[in-house]
Amino acid sequence: MRPTSGSAIYRPDLGIAVLEFAEGTTMNFIGLELMPLFPTAKNASTYPVIPKEALLKLIDVDRAPRGNYKRDDFEYERGQYQTAEKGTEEPVDDTERDLFDEESQGLCDLVATRRAWSRILRAQEKRIAAKVQDSSRFTAHNLTNEWDDAANATPIDDVKDAILAFRLQCGMLPDGLQINFKQFMNVKRCDQVVDQLKYTFPGIDLTNLLPQQLAQVLGVPRVWVGGAVYDATGKGLTADVTDIWSDEYACLIKVADRLDMMAPGFGRTFLWTADSPQNPIVESYREEQTRSDILRVRHHVDESLMCSTNDTGAVVSDIAAACHYLIGNVTTI
């Protein structure tokens with residue numbers, strides 16, 4: 001469907017087509033798995049947060065005949081979110097479109113949308129990674145032997161100790177371990193892991209070890225491998241391709257429930273659906289002065305950590321910190 005001059009046209013067809021590409025292993029984006037989408041009809045609002053001290057308190061559950069059942073007297077606190085629009089455009093010049101035959105014209109739009117979509121999700125991945133691996137907010141628990149020291153590293157023991165500490169923070173077990181691609185390559189070469197793999201997966205080819213198999217060895221439900229990269233230099237400068245997810249940190253996370261707003265978890269990505277019914281939304285319009293069809297990809301989002309705040313904005317109950325365990329000194333820098 002070619003755009004015409006005038007208002008932008010909503011293109012869910014392109015959004016669905018590109019979504020299949022984005023959800024594959026090519027991009028290695030994991031941010032929305034750690035901070036899942038929560039569609040909302042409001043651009044900004046508050047949401048209920050269970051006070052941290054209320055999570056595991058024992059209450060009196062005895063009831064006398066004809067008596068009342070006891071209830072807890074904790075009041076819900078309030079978290080806040082404020083979505084902001086992020087977007088980018090990709091032009092398809094008429095000359096570029098003419099390179100394709102008539103039956104392949106739609107490929108121009110798909111390729112352009114993929115480029116813009118990738119920029120949007122890469123930026124979102126960078127924002128989420130910065131929140132997950134924020135050592136200024138979360139205490140980093142440093143390892144003695146980095147995981148790139150194959151002979152001496154003990155990642156199985158390290159993760160076990162981290163799980164035990166995590167459990168005492170929030171009374172729950174983590175949903176998984178986040179590492180980056182370099183750490184994934186390192187940890188599966190550690191002697192301790194290799195020895196365990198011999199018994200867990202006899203005859204396995206370590207070069208083809210899957211994250212699901214590593215999760216089983218490390219004793220976590222899953223392993224998220226963040227493989228996305230970005231160019232850390234500006235336009236016109238020599239490329240400096242850098243991992244979005246740091247080599248220095250890994251972390252255990254309890255993922256927030258996608259439906260229950262009050263269930264404890266690390267954080268959510270609020271999506272304002274009145275403006276962005278899809279994450280992200282794809283639109284197109286005609287720009288005659290450049291003889292181009294413009295593909296626009298955008299969304300209205302806020303990647304928000306779960307915590308309650310008072311009237312001054314200061315954190316009262318930091319549920320995010322209770323549902324997160326930052327492991328430091330993972331790789332020699």
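**Helix packing and ring pairs**

The axes of helix α7 (residues 191–200) and helix α8 (residues 211–218) come within 10 Å and cross at roughly 100°, which makes α7 roughly perpendicular to α8 (the term covers 65 to 115 degrees). Axes here are lines fitted to C-alpha atoms over the stretch in contact, with angles from 0 to 180 degrees between N-to-C directions, and helices (H or I, at least four residues) and strands (E, at least two) are DSSP runs numbered from the N terminus. This is a predicted model, in which local features need pLDDT of at least 70 and side-chain atom pairs count only at pLDDT 80 or more, while totals for chains, interfaces and linings use all residues. Residues are numbered from 1 along each chain as its sequence is written, and side-chain values use heavy atoms, leaving out hydrogens and water.

Where the helices touch (heavy atoms within 4.5 Å), V193, Q196, L197 and T200 of α7 meet L214, Q216 and V217 of α8.

The structure also holds four aromatic pairs, meaning rings of Phe, Tyr or Trp (its six-membered ring) with centres within 6.5 Å, called stacked under 30 degrees between planes, edge-to-face over 60 and tilted otherwise. F38 and F270 pair edge-to-face, at 5.8 Å centre to centre and 70° between the planes; because F38 lies in strand β2 (residues 37–40) and F270 in strand β12 (residues 267–272), this pair ties together parts 232 residues apart in sequence. Y47 and F270 form a tilted pair, at 5.4 Å and 35°. Ring pairs link F38, Y47, Y81 and F270 into a cluster.

Terms used: Angles under 35 degrees count as roughly parallel, over 145 as roughly antiparallel, 65 to 115 as roughly perpendicular and the rest as oblique.
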